[in-house]
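Welcome! Let's take a friendly walk through a protein model. Keep the picture open beside you as you read.

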Amino acid sequence: MLKSELRKQAQIKRDSMDKLMVCKYGDIIANRVINHEWYKSSKSIFIYVSMGNEVPTHNIIKNALAGGKTVSVPRIGPGTQMHAVPVRDLEQDLEPGKFGIMEPKLHLLPVSEACIDLIIVPGLLFDRRGYRIGYGKGYYDRYLDRVYTISPHCRTIGLAFENQLVQTLPRGKHDKPVMLIITEKRILLCPAEK
Ligand SMILES: Nc1ncnc2c1ncn2[C@@H]1O[C@H](COP(=O)(O)OP(=O)(O)OP(=O)(O)O)[C@@H](O)[C@H]1O
Ligand SMILES: [Mg+2]
């Protein structure tokens with residue numbers, strides 16, 4: 001099936017998920033993240049700000065800020081770029097940005113990809129190799145491409161509900177996989193392909 005078709009179906013399925021399940025599974029996923037060694041040993045994380053039925057990230061962000069980690073969240077644009085901008089307070093430092101997603105206020109400045117040691121990646125679908133389908137703009141593919149090139153120590157974790165995990169997804173040359181996927185049921189290590 002075409003990516004665009006898979007994306008459309010996955011979005012419908014996700015948006016029809018029961019809110020109580022999103023919260024319940026979201027708590028389990030957040031706890032798995034917070035207890036994971038990659039998270040515990042990280043000093044500077046880049047994490048999406050969840051909205052709607054995305055796997056919730058607010059509790060992870062709060063935990064990371066309370067634990068003294070540097071927490072950066074995405075700012076989209078200009079153009080096809082996405083930047084990591086450090087924030088200190090979820091209430092004060094965010095405002096609605098493109099697509100209605102909460103983004104860091106404009107006076108806050110981005111940091112280089114080289115400063116990040118863990119990236120928490122959203123997705124509509126993931127496969128067992130860590131490949132993903134996002135919203136279709138390639139923001140994460142471009143970002144991960146730069147990170148994997150300049151920053152070999154940086155780790156990446158995709159967050160998904162179990163029903164967003166599939167065997168294999170179609171992939172293009174530009175698609176970049178995550179290293180680990182966390183769902184409410186499992187932690188899946190995605191080995192790099194030779
Ligand atoms: N590194 C790259 N350089 C140039 N173009 C890219 C790169 N990565 C992705 N793109 C372009 O972005 C577009 C969207 O990519 P794709 O369909 O894989 O989106 P996606 O992975 O669902 O989106 P996202 O990464 O934002 O979640 C494609 O047309 C692709 O050509
Ligand atoms: Mg892609």
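## A hairpin to start with

Ile 76 has Met 82 in S3 as its bridge partner. The "S" and "H" labels come from DSSP runs: helices (H or I, at least four residues) and strands (E, at least two), numbered from the N terminus. This is a predicted model, in which local features need pLDDT of at least 70 and side-chain atom pairs count only at pLDDT 80 or more, while totals for chains, interfaces and linings use all residues. Residues are numbered from 1 along each chain as its sequence is written, and chains are lettered from A and ligands numbered from 1 in the order in which they are written.

How many bridges link S2 and S3, and in which sense do they pair? The two strands are antiparallel and share 6 bridges; strands count as paired if DSSP finds at least two bridges between them. Their hairpin has 5 residues between the strands, and there Gly 77 takes a positive phi near 90°. A cis peptide bond, with omega of about 5°, joins Gly 77 to Pro 78. Pro 78 sits in the loop between S2 and strand S3 (82–87).

Strands of a sheet pair through backbone hydrogen bonds, either parallel or antiparallel. Here 7 strands form an open sheet with mixed pairing, in the order S3-S2-S1-S6-S9-S11-S12. S3 and strand S12 (187–189) are at the edges with a single partner strand each, so one side of each has no neighbour in the sheet. On average, neighbouring strands of this sheet are turned by 25° against each other, direction ignored; such angles use axes, which are lines fitted to C-alpha atoms (for helices over the stretch in contact), and run from 0 to 180 degrees between N-to-C directions.

Inside this sheet, strand S1 (residues 44–47) pairs with S2 in the parallel sense over 3 bridges. Ile 45 has Val 71 in S2 as its bridge partner.

## The three-stranded sheet

Another open sheet has 3 strands in the order S8-S7-S10, again with mixed pairing. Its edge strands, S8 (132–133) and S10 (165–166), each pair on one side only. Strand S7 (residues 125–127) runs parallel to S10, with 2 bridges between them. Phe 126 stands opposite Leu 165 in S10.

## Two helices side by side

Two packed helices are described by the angle between their axes and the distance between the axes. Helix H2 (residues 19–34) and H4 have axes that come within 9 Å and cross at roughly 30°. That angle makes H2 roughly parallel to H4 (under 35 degrees is roughly parallel, over 145 roughly antiparallel, 65 to 115 roughly perpendicular, and the rest oblique).

## Around the ligand

Which residues come nearest to ligand 1? Of the 15 residues around ligand 1, they are Gly 134, Gly 138, Tyr 140, Asp 141 and His 174; a residue is near a molecule if its C-beta atom, placed from the backbone, lies within 6 Å of it. Helix H6 (residues 139–150) gives the largest share of this shell, with 5 residues.

## A proline in a loop

Pro 152 lies in the loop between H6 and strand S9 (155–159). Is Pro 152 buried or exposed? Pro 152 counts as exposed because it has 7 C-beta neighbours inside 10 Å. The cut-offs count other C-beta atoms, placed from the backbone, within 10 Å of a residue's own: 20 or more is buried, 12 or fewer exposed, and in between partly exposed.
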